[in-house]
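Let's take a walk through a protein complex together. Have a look at the sequence and the 3D view, and then read on.

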Amino acid sequence: MDKSTKSKFLQAKKELAIYKWADKKTKRGFSVLYKEIEQGKKEKEQANAKTEAFFTSVPDGILALDLKGRVIKLNEQAEKILGYSKNEALNKHYSKCFQLSDGKGTPIALEYNPLEKALANVPAATISIAVASLFLIKKNGKVIPVALNVATVAFAKKVAGLVIAFHDISQEKELEKLRLDFLSLASHQLRTPLSGTKWLIETMQRNVLGPLTKKQKEYLDQIYQLNERMTKLVFEMLNVLRIEDKGAIVKKEIVPIVGLYQGVFLAMGPAAKNKKVVLFNALKNHRTVALETDKVMLEAILECFVSNAIDYSMPNQKVILDVKEEKDALVFFIKDNGIGIPKEEKERIFQRFYRASNAKGHKPDGTGLGLYTASMLAEKLGAKISFESEQGKGSIFYLRIPKKVV
Amino acid sequence: MKHILIVEDEEFLIRALKDNLELEGYTVDVAMNGEEAIKQIQKSQPKLILLDILMPKQDGFYVLEQVKKNPQWKLIPIIVLSNLGGDDDIKKALEMGADDYFVKSQHPIEEVLEKVKAYLEGRKSVK
């Protein structure tokens, strides 16, 4: 081999070694890359499997919709509740398989349909709607009560659609019905002997059985008052049990406060007149104010405050009912110049059956359930009760209630 | 003389109603369940019925149904006197044709007597 050939040979050998080295490196590099890809794939599969496991194992039926309201995913539980298979539901508008109705099976109007509400609002904001008492028409035509939650789903900072989680609440409804039936029967059984005593005493008071002596009449009047007190206690206790029932549903409606005041004054007017207390109605300043809440519950709270204000005032004193408007809330306040609450008892007046020491002497037939009931109702409405009071000077009770129930 | 049927299963309530109504000059029959009530209506054709709801055998809703579907009886005023005070019960009875509904523990007997008088003197007419 001549010199130049040898040099070329050596050069070639060197290059071959470099190639071999590079090849080894590349292979190793590819192998690492391959391993990483495999790992990524595995992780993605695992994540998918986890999502799928979550989807199938949640006890709720889950339905995912795109922005046009088409079903893009549903889990087995949803198939089971609705009676529609994946093939029947996927890629079709949700109304084909998810028909909301009232209790009689009449489909609900679009403006009350939470899904339509959600779809209409989708691009604007992330929302979450929880509905406690709606009904669903299954594929077989059966109407079942459902509770549902609707939430928007965001993907890469954009709203991608809706997720609806729902479950059949037939069993809960059945239990609630049993409880209410029991309360109704218990109430009937307790009232029957009380109404008997009431009417028998009234028969004697009307002298149907002959004239009574003055002393007999006094005794009879006292027995009658005790019976009335017992009747009131039974009524209020059963009322408390009804409200304590977790199933008690808060209805939402637009309540103009003008109507509210009129209702409260109509209910409390006779009591005020009896006691010669002046009820001052400040509603004329708030004609345009309204709030979204449960009217019956709100009226019951205000009636409790006004009734207490009347009961614990002296004749010719004034009771004022007014409202202050804040940004997101209304603050109702009821002011009296009555007997007030002793300082050391302020913490206890919302307890069940608790009656302040000065209240007992002033009004012996109170039940100690009024403020307790009002505080439970306020909790249901998301409202807060507070008060200021000075013994011998009077009290102001406040109810701060959000303008919209969440 | 105006004839009234009391349909009630509690002796003490029957007594209070009967004594007061007789003092007002009415004649009174008593049935202690729904089945007996129908027999009494056939027999004595009352001018007004005071009707309890929860009773043995047949209840007050049954009596309401039978009276209001019978062309000869449907104009007899029926005042329900019950201690069932739920909105659903009151609504059901009024929808079935009851002319008035009193929750006994919440109303003095005088109010019932006044209502009876109003119907029998024609000041109040059947729905």
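Which residues have the most contacts inside the largest nonpolar core? They are Ile257(A), Leu298(A), Phe305(A), Phe332(A) and Leu399(A), in a core of 44 residues. A nonpolar core here is a set of buried Ala, Val, Leu, Ile, Met, Phe, Trp, Tyr and Cys residues joined through side-chain atoms within 4.5 Å, and buried means under 20% relative accessible area (1.4 Å probe, protein chains only). Helix α8(A) gives the largest share of this core, nine residues.

Before going further, a word on what you are viewing. This is a predicted model, in which local features need pLDDT of at least 70, side-chain atom pairs count only at pLDDT 80 or more, and totals for chains, interfaces and linings use all residues. Residues are numbered from 1 along each chain as its sequence is written, chains are lettered from A and ligands numbered from 1 in the order in which they are written, and side-chain values use heavy atoms, leaving out hydrogens and water. For chain B, the mean pLDDT (the predictor's confidence in each residue, from 0 to 100) is 93.

Now turn to where the two chains meet. Here 26 residues of chain B are in contact (heavy atoms within 4.5 Å) with 18 residues of chain A. On the side of chain B that touches chain A, the largest share, seven residues, comes from α1(B). Two salt bridges (a side-chain nitrogen of Lys or Arg within 4 Å of a carboxyl oxygen of Asp or Glu) cross this interface. Glu110(B) forms a salt bridge with Arg206(A), with the closest N and O atoms 3.5 Å apart.

Technical notes
Buried < 20%, exposed > 50% of the residue type's maximum accessible area, 1.4 Å probe, protein only. Helix = DSSP H or I, 4+ residues; strand = E, 2+ residues; numbered from the N terminus.
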